[in-house]
Amino acid sequence: MLIMNITLESIQLTTSDLSEYSAHLSSSQELYSPTAPAKPIAQFGWRDRWWLNNAPAEQVALNYWFFQSSDEAYTAADEGRLRLSPRTISKFGGHESIYQPVSKDQVELGDSVWQAGPNWLFVRETVVVLVAEIGGQVSDETTLQIARKILKKIENGL
């Protein structure tokens, strides 16, 4: 049995975690599950919005969802991809979410990873995280570095 000591407070990034970006916390709020109102429903969800370089145009949203099991977390992330962005891409036979799977050979970031431009959605055990830039001013590299900071905190709680 896997025992985890992961809480929002233990994985949530802080001003000191983001000091290299001169980050300013602009807002925080509780979130519904990425699949809401459908199951699986998150036990808890939270979003922090940060301005990087003290510039509102360089904004990232850090979304954290906690689930009962790793299967629920994966299902919520995979099925929730359609609800996270109205944008889609054309694929054989129709359209799919803009959030596309990324192989572990390309990016090591949790158990399962999806990417949409500079946005990273990943699952690690019972936690789903979305690092999303808002406004087109933050690079893929920066959001990936931020996602890795969250992953490191999750790993420390396992």
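Two strands count as paired if DSSP finds at least two bridges between them. The legends below use the word in that sense and describe a predicted model.

**Figure 1. Strands β3 and β9 pair in the antiparallel sense.**
Strand β3 covers residues 59-66, and strand β9 covers residues 127-134. The two are joined over 8 bridges. Strands of a sheet pair through backbone hydrogen bonds, either parallel or antiparallel.

**Figure 2. An open sheet is built from 7 strands.**
The order of the strands across the sheet is β1-β2-β3-β9-β8-β7-β6, with antiparallel pairing. Strands β1 (24-30) and β6 stand at the edges, and each has a single partner strand, so one side of each is left without a neighbour in the sheet. In the order of the sheet, β9 stands between β3 and β8.

**Figure 3. Strand β7 pairs with β6 and with β8.**
Strand β6 (residues 100-101) runs antiparallel to β7, and 2 bridges join them. On this side, Gln100 stands opposite Gln115 of β7. Strand β8 (residues 119-124) is also antiparallel to β7, over 5 bridges. On that side, Gln115 stands opposite Trp120 of β8. Is strand β7 enclosed or open to the outside? Of its 5 residues (112-116), 4 are buried, so β7 is largely enclosed by the rest of the structure. Here a residue is called buried if its relative accessible area is under 20%.

**Figure 4**

**Figure 5. Strands β4 and β5 form a hairpin.**
Strand β4 (residues 88-91) and strand β5 (residues 94-97) pair in the antiparallel sense over 4 bridges. Thr88 stands opposite Ser97 of β5. The hairpin has 2 residues between its strands. Gly93 is in the turn, with a positive phi of about 85°.

**Figure 6. Gly93 lies in the loop between β4 and β5.**
Is Gly93 buried or exposed? Its relative accessibility is 91%, and residues over 50% count as exposed, so Gly93 counts as exposed. How far is Gly93 from Glu9? In sequence, Gly93 and Glu9 are 84 residues apart, and in space they are 43 Å apart, C-alpha to C-alpha.

**Figure 7. The whole protein chain has 3 helices and 9 strands.**
Along the sequence, the pattern is α-β-β-β-α-β-β-β-β-β-β-α. The radius of gyration is 15 Å, close to the 15 Å that the globule rule gives for 158 residues, so the chain is as compact as a globular protein of that length. The C-alpha atoms fill a box of roughly 40 × 40 × 35 Å along the principal axes. Of the 158 residues, 46% count as buried. Among contacts with a separation of 6 or more, 58% are between residues 24 or more positions apart.

**Figure 8. The surface and charges of the protein chain.**
The chain exposes about 8,400 Å², and carbon and sulfur atoms supply 48% of that area. There are 13 positive and 19 negative side chains. The centres of these two sets lie 2 Å apart.

Methods. Residues numbered from 1 in each chain as written. Predicted model: local features only at pLDDT ≥ 70, side-chain atom pairs only at ≥ 80, totals over all residues. Heavy atoms only, no water. Rg over C-alpha atoms; globule rule 2.2 N^0.38 Å. Buried < 20%, exposed > 50% of the residue type's maximum accessible area, 1.4 Å probe, protein only. Contact = heavy atoms within 4.5 Å. Areas by Shrake-Rupley, 256 points an atom, 1.4 Å probe, with all protein chains shown as cover. Lys, Arg positive; Asp, Glu negative; His and termini not counted. Charge placed at Lys NZ, Arg CZ, Asp CG, Glu CD.
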